[in-house]
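Hello,

Here is the structure I promised to pass on. Please open it first, then read my notes below.

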Amino acid sequence: MNLSKRGEYALRVLLDLAMAKSLGRSLVPLTALAEAQSIPPAFLEQILLSLRQGGFLSSTRGKHGGYSLARAASDIPLAEILRYLEGPVLSNRCVNAGSGTPCHCPDPDHCGLRLLMGEVHGALSGVLDRYTLEGLAAVTLSRFQKDGLLPAVCEPPRPVAKGGAAKKAEDEPEYLI
């Protein structure tokens with residue numbers, strides 16, 4: 001299995017949204033997601049659109065808008081995300097006989113390689129089907145919390161002054177969300 005940059009970014013952003021939700025932040029702006037993961041905003045916007053079309057995300061427009069998971073993180077297996085974004089979990093002619101690319105093995109019924117690839121495919125699919133976005137978020141959050149940290153997307157917004165310059169500490173902060 002080869003995870004594309006697009007697939008990696010999508011998984012990281014979905015993970016951020018699941019962690020944010022579990023910490024009480026229901027909407028996260030595109031800019032916060034892009035900054036937290038160091039993803040170019042224009043590229044991230046394309047990924048988020050695809051995830052919205054796939055039923056993984058919902059969005060809210062406006063000043064206090066952003067993105068959120070369209071379903072509970074517990075209802076989103078990692079395999080579903082990867083299959084949507086990347087196609088089959090294991091791309092190999094031996095295990096994807098119905099894909100239109102025939103296996104070149106002269107005796108598929110007795111081919112040890114085909115049997116091995118079938119077992120590898122089953123194991124990989126099983127792991128990805130067993131883990132949900134919620135489970136991945138819980139494990140990731142526990143590692144952050146063990147070190148006394150929060151994921152970047154869950155950090156409180158930085159105060160900014162009208163006009164964009166940072167305000168002095170004695171001024172009452174206005175937060176960008």
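Glutamate 8 forms a salt bridge with arginine 12, with the closest N and O atoms 2.7 Å apart. A salt bridge here is a side-chain nitrogen of Lys or Arg within 4 Å of a carboxyl oxygen of Asp or Glu. This is a predicted model: local features need pLDDT of at least 70, side-chain atom pairs count only at pLDDT 80 or more, and totals for chains, interfaces and linings use all residues. Residues are numbered from 1 along each chain as its sequence is written, and side-chain values use heavy atoms, leaving out hydrogens and water.

Glutamate 8 and arginine 12 sit 4 residues apart in helix 1, about one helical turn. Helices are DSSP runs of H or I, at least four residues, numbered from the N terminus. Glutamate 8 also meets lysine 5 in a salt bridge, at 3.8 Å from N to O. So Lys5, Glu8 and Arg12 are linked in a network of salt bridges.

How exposed is arginine 12? Arginine 12 is partly exposed, at 23% relative accessibility. Buried means under 20% relative accessible area, exposed over 50%, and partly exposed in between (1.4 Å probe, protein chains only). Glutamate 8 is partly exposed too, at 27%.

Elsewhere, glutamate 80 and arginine 71 form a salt bridge at 2.9 Å, N to O. The whole structure has 4 salt bridges.

Now helix 5. Met117, Ser125 and Leu128 are buried there.

Best wishes

Notes: Helices (H or I, at least four residues) and strands (E, at least two) are DSSP runs, numbered from the N terminus.
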